[in-house]
Structure formats: structure tokens, C-alpha cells
Amino acid sequence: MKLLGKKILIGVTGSIAAYKTAELVRLFVKEGAEIQVVMTRSAHDFVTPLTLATLSKNPVLTDFSDPDTGTWNNHVDLGLWADAYIIAPLSANSLGKLASGYCENLLSAVYLSSRCPVFLAPAMDLDMFAHPLVQENLDRLARAGNIIIGPESGELASGLKGEGRMSAPDEICNYICKILQSASELQGKNILVTAGPTREQIDPVRFISNNSSGKMGVAIAVEMAVRGAIVTLVAGPGVKLPLNRSVTCVPVVSAEDMYKACMQYFSDSDVTIMAAAVADYRPVETSDSKIKKTGLVSALSLEPTKDILAELGTLKASHQILVGFALETDNELENAKGKLHRKNLDMIILNSMKDTGAGFEKDTNKITIIEKNNVITPFELKSKKEVASDIADKIISCIRLQ
Ligand code: CTP
């Protein structure tokens, strides 16, 4: 029983996939969880409250109050009661409302009141799912720290085939068991993550920067928060910041700003992961007024920025774990190992620009982790979310070995 003693709140919205929620409730009960179901009014058209009440062994709630008994269903208490809140299925309508912070029924009021991890399993027709506004809402909910499960591709209630089918109940249950078991792995740990590029201003209109999107660093920050850590994310310009309540974002612009922010948070951090692509050089002087093109070449006199990671390596205490990235095109392993030793790191994550699907702006990455004891672990090409999970696993085993 993987969920013994866990309190799970299940939200059901109006979608044909609601018939699968009965099976989901049964699976959670089998894993030992205590279940409370909250439904929207339109979910009643697809599955009866009696079915879900019988399977969950608890009355099912829909409204803020029950006029027959004169009781009030306290959304705040329900939100605080739960160890996890799973909304399955999540219709396009409810998805839009959650993304906008609406609070018009018990299900959405509990959502806003909950402090536990929230899992969303969308279910809708393929064109609805592909609609840019639905995708934008989903992205917003993911950035707010919600964990999106599915949907999967397959035959839909409309007879069409495509992406939009709610994930299978056993997949949802297995995934949630895995996440809840790992949710306390980094409890109480302070983790500092850097992400994105830095921008070195030449004059008010021009700057030196690079192509980093910050997606890898953001995925790492979010994954660490999911595992229970208190995360500080120092992010360069243009990074799409997560809205996750467990991640404190510190936006910076230049390498010097990033250096100062890292110095501020480093001493309290148990683990520091430098995923940022820090500019190596900056103009010796930044002009306050726009430089005429005739004077531009002479204005481009450069000086090195501080190597933040190398500096953190000199300050590192024995209980602290320091992780760097190495983006290489040639002689990859040797170069990465050189950085690991030179900068006094516990591990370095190597990306090769030669690997298809790896590198800046992509949603996938292919990494090799090199540890200071020379253990080298190569990984397959994966989504940046999965790569972040592999990195978190390695860091957790590194903490356990300390
Ligand atoms: N880094 C840093 N400060 C810098 C430059 C890099 O903290 N001024 C960090 C990066 O965040 C990364 C690691 O150092 O974690 C390696 O960065 P990379 O650009 O691969 O290596 P460099 O040390 O800059 O060396 P080179 O450009 O010669 O490969």
C-alpha cells in the first residue's frame, strides 16, 4: 500500500472521462489512501455522486453549503486537509477558470485554498485541447506549480482520434504514488538554481548575450520544489519564470547582478546548481547614450566577467553540494572533467551541442552527469522535465552519501 495514511482530494469536472474517475478512486483506496471527492454540478451528468461516495466511503461534496442539513462545506479546511489534490477529468471550461483564478464553485475554491501538490488531468476533444487559448491556460497552470498529467492520444468520445483523452486511471495512480513518495526527499533543503542568459549592456540599445532560454534551469527549480525543497531561482532576462509558490524568483540582468544574487543566497544553500549561461565578457564601459555606428568598434573593448561558479567553489563548505553545467562542442568529456576539478564541483552536467535535440531553446536535452569520484552516467534524449528529474535523483543520492 503506497499511499497508506495519505489524504487525497479528488476533483471531478464535467467531461465524459468522469466515468474513469470511479476506477481512479478505487485504485487510490486500494493503495490505502483516505479519499474525499468534490464535484462540479455538471460532473453529475457524467458520473453519479452515489457511485463516488460508495467507492470513496465518504459523502461527495458539490456546493458551498448543504441546505438540507444546514452545513457549510469549508473549502479552506478541505484544501488544508489534503496531501494531494487531483482534478480528473479537468474539462476545458474548468481549466480556463482555474487558470484565471475563478472561484465560483467548491472545487475551484478548494483549489485556491490548497497548499498541497495539485495534479491536473485534462480531458477534452482534440481541437479544444490544441486551441492556443487552452494551451496558454495549461502553460499558466503548469507555471503556477500544478503538475499536469496527460492527456494521451487515442480515440475520443467524438469519434475523432488525437490528443485529448484523459490518462488511464492506473497511470495517474502510479504517477501520483511516485511523486508523493518523492515529495519529502528534499524537505527542508535550501536549493539555489540559476537559469538563462545574462545581458551585458554596451549602450542603452545594444547588448552582448547568448541564446539560453533558461528552460533547463526552470525545469530543475520546479522539480526540486516538487521534491519538497525551498528553491531560490536566480534568472537572467527573458526567462519565463515559474509562478510556483515554492520557488522564489530573483530576476537579474548582467553577470555582475547574477554574481551578487548568488553571493547573497549561497551561504544558506545546501545545493547550488549553476544552469545559467553566464556571459564570459562584458564591455569595459557601458555608454549612457547610444553610440554612433562609427564609434561602435572602438567601444567594444571587453573585460572578463567574474566566474561565479569558480568563486562559489572556493567558498563551498563541506556540507554544500555544488553542481555546474558544461556546454561543449569538442572534446566534451575531458573539457567537462577539467571544469569539474578547476571549479571544485561535486558534479557537472555535460550537454553536447553535437547531440540533436539538445541545447538552447529546445524542450529536450541529452546529458551526461560526471561526479567528482569520476562516476560517469550518460542519459538518453529526454524532455527537460525528465532530465530535471534525473538530475534531482543524482543530487539526492549525493546528499545521502554525505
Ligand atoms: N559560469 C559561471 N560564471 C561565468 C561563466 C560560467 O558561473 N562567468 C558557470 C556556468 O553557469 C556553468 C559553468 O560555469 O555552470 C561552465 O560554463 P561554460 O560556459 O561551459 O564554461 P566556461 O567556464 O565559461 O568555459 P568555456 O567557455 O571556456 O568553455
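How many residues surround the ligand, and which are the closest? In this predicted model, 16 residues surround the ligand, and the closest are Met-274, Ala-276, Leu-309, Lys-339 and Lys-343.

**Ligand contacts**

- Asp-280 has a polar side-chain atom 3.0 Å from an oxygen atom of the ligand.
- At Phe-325, a backbone N or O atom lies 2.9 Å from an oxygen atom of the ligand.
- Ile-308 has a polar backbone atom 3.1 Å from a nitrogen atom of the ligand.

**Helices H1 and H8**

- Helix H1 covers residues 19-30 and helix H8 covers residues 169-182; their axes come within 9 Å and cross at roughly 40 degrees.
- That angle makes H1 oblique to H8, and the crossing of the two helices is right-handed.
- On the H1 side, the residues in contact are Lys-20, Glu-23, Leu-24, Leu-27 and Phe-28, and they meet Pro-169, Asp-170, Ile-172, Cys-173 and Ile-176 of H8.
- Sorted by class, this contact of H1 with H8 has seven nonpolar, no polar and three charged residues.

**Helices H9 and H14**

- The axes of helix H9 (residues 215-226) and helix H14 (residues 384-401) cross at roughly 55 degrees and come within 8 Å.
- H9 and H14 are therefore oblique to each other, with a right-handed crossing.
- H9 contributes Lys-215, Met-216, Ala-219, Ile-220, Glu-223 and Met-224 to the contact, and among the H14 residues they meet are Lys-384, Val-387, Ser-389 and Ile-395.
- The contact of H9 with H14 has nine nonpolar, one polar and four charged residues.

**Cis peptide bonds**

- Most residues other than glycine have a negative phi, and most peptide bonds are trans.
- Ala-88 and Pro-89 are joined by a cis peptide bond, with omega about 0 degrees; Pro-89 is part of strand E5 (residues 84-90).
- Another cis peptide bond runs from Gly-150 to Pro-151, with omega near 0 degrees, and Pro-151 sits in the loop between strand E7 (147-148) and strand E8 (152-155).

**Positive phi angles**

- Asn-331 is not a glycine, yet its phi is positive, at about 45 degrees; Asn-331 lies in the loop between strand E18 (321-328) and helix H13 (332-342).
- Asn-374, also not a glycine, has a positive phi of about 75 degrees and is found in the loop between strand E21 (367-371) and strand E22 (376-378).

Conventions:
Residues are numbered from 1 along each chain as its sequence is written. This is a predicted model: local features need pLDDT of at least 70, side-chain atom pairs count only at pLDDT 80 or more; totals for chains, interfaces and linings use all residues. Side-chain values use heavy atoms; hydrogens and water are left out. Axes are lines fitted to C-alpha atoms, for helices over the stretch in contact, and angles run from 0 to 180 degrees between N-to-C directions. Helices (H or I, at least four residues) and strands (E, at least two) are DSSP runs, numbered from the N terminus. Angles under 35 degrees count as roughly parallel, over 145 as roughly antiparallel, 65 to 115 as roughly perpendicular and the rest as oblique. A crossing is left-handed if the near helix is turned anticlockwise from the far one by less than a right angle, and right-handed if clockwise. Contact means heavy atoms within 4.5 Å. Ala, Val, Leu, Ile, Met, Phe, Trp, Tyr, Cys and Pro count as nonpolar, Asp, Glu, Lys and Arg as charged, and the others, Gly among them, as polar. A residue is near a molecule or strand if one of its heavy atoms lies within 4 Å of it. A polar contact is a pair of N or O atoms within 3.5 Å; within protein, one must be able to donate a hydrogen and the other to accept it, and residues adjacent in sequence count only if both atoms are side-chain atoms.
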